[in-house]
Amino acid sequence: MKTIQPSKRLATTNGMKTVAQAWDNRQGPAVLATVDAARTPNAIYVGEIRYVPGKGFIVVDNYFCKTRANIKAGTKGAILFLTKERKSFQVKGSLSYYTQGPVFKNMHSWHDPKYPGVAALLLRVDEAYSGADKLLDTR
């Protein structure tokens, strides 16, 4: 059976709307995954993270070590989270690291000051999934 794929514009609008609604209904911390130059994966829990419509996901770098090295080496990343109904969502995309500027200032507007907040990581969403269902692919 052949599946008819919607246009990328429609998939982008509907896919990100679904992700945004799921994000608003998430439960618990998210997981951020990166890989190093040798293709070894690294996954961490992140508690300070926000979805910013039109931008992507901003994650606070409080204690990154391997993750920071992977980002600076040019890795792409993925964020995994669960909704209150235990439905999984995953977004994948390019990563940018900021220690100043608008993304960094945005992060500092909601970041908990009891943690270091040394930088802001922005994941720009290229792909989104709910379980095995692809919601978005802008590649």
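The dialogue below goes from the fold to the core and then to the aromatic rings.

Q: What kind of model is this, and how are its residues numbered?
A: This is a predicted model, in which local features need pLDDT of at least 70, side-chain atom pairs count only at pLDDT 80 or more, and totals for chains, interfaces and linings use all residues. Residues are numbered from 1 along each chain as its sequence is written, and side-chain values use heavy atoms, with hydrogens and water left out.

Q: How many helices and strands are there in the protein chain?
A: Helices (H or I, at least four residues) and strands (E, at least two) are DSSP runs, numbered from the N terminus. The protein chain has 3 helices and 8 strands, and from the N terminus on its elements run α-β-β-β-β-α-β-β-α-β-β.

Q: Which residues have the most contacts inside the largest nonpolar core?
A: A nonpolar core is a set of buried Ala, Val, Leu, Ile, Met, Phe, Trp, Tyr and Cys residues joined through side-chain atoms within 4.5 Å, where buried means under 20% relative accessible area, exposed over 50% and partly exposed in between (1.4 Å probe, protein chains only). The largest such core has 24 residues, and those with the most contacts inside it are Ile49, Phe57, Val59, Ile79, Val91 and Val125. Helix H1 (8–24) and strand S7 (119–130) are among the elements that each supply at least two residues of this core, and H1 gives the most, with 5 residues. Apart from this core lies another, of 9 residues, among them Ile58, Phe104, Ala120 and Leu122.

Q: How is a pair of aromatic rings described?
A: A pair of aromatic rings is described by the distance of the centres and the angle of the planes. Rings of Phe, Tyr and Trp (its six-membered ring) pair if their centres lie within 6.5 Å, and planes under 30 degrees apart count as stacked, over 60 as edge-to-face and the rest as tilted. By this rule the count comes to 4 aromatic pairs. Tyr51 and Phe57 form a tilted pair, 5.0 Å centre to centre with 50° between the planes.

Q: Why does Tyr51 count as buried?
A: Tyr51 counts as buried because its relative accessibility is 18%, and Phe57 is buried with a relative accessible area of 0%. Phe81 and Phe89 form a stacked pair, 5.6 Å centre to centre with 15° between the planes, and both Phe81 and Phe89 are buried. Trp23, Tyr51, Phe57, Phe81 and Phe89 form one aromatic cluster.
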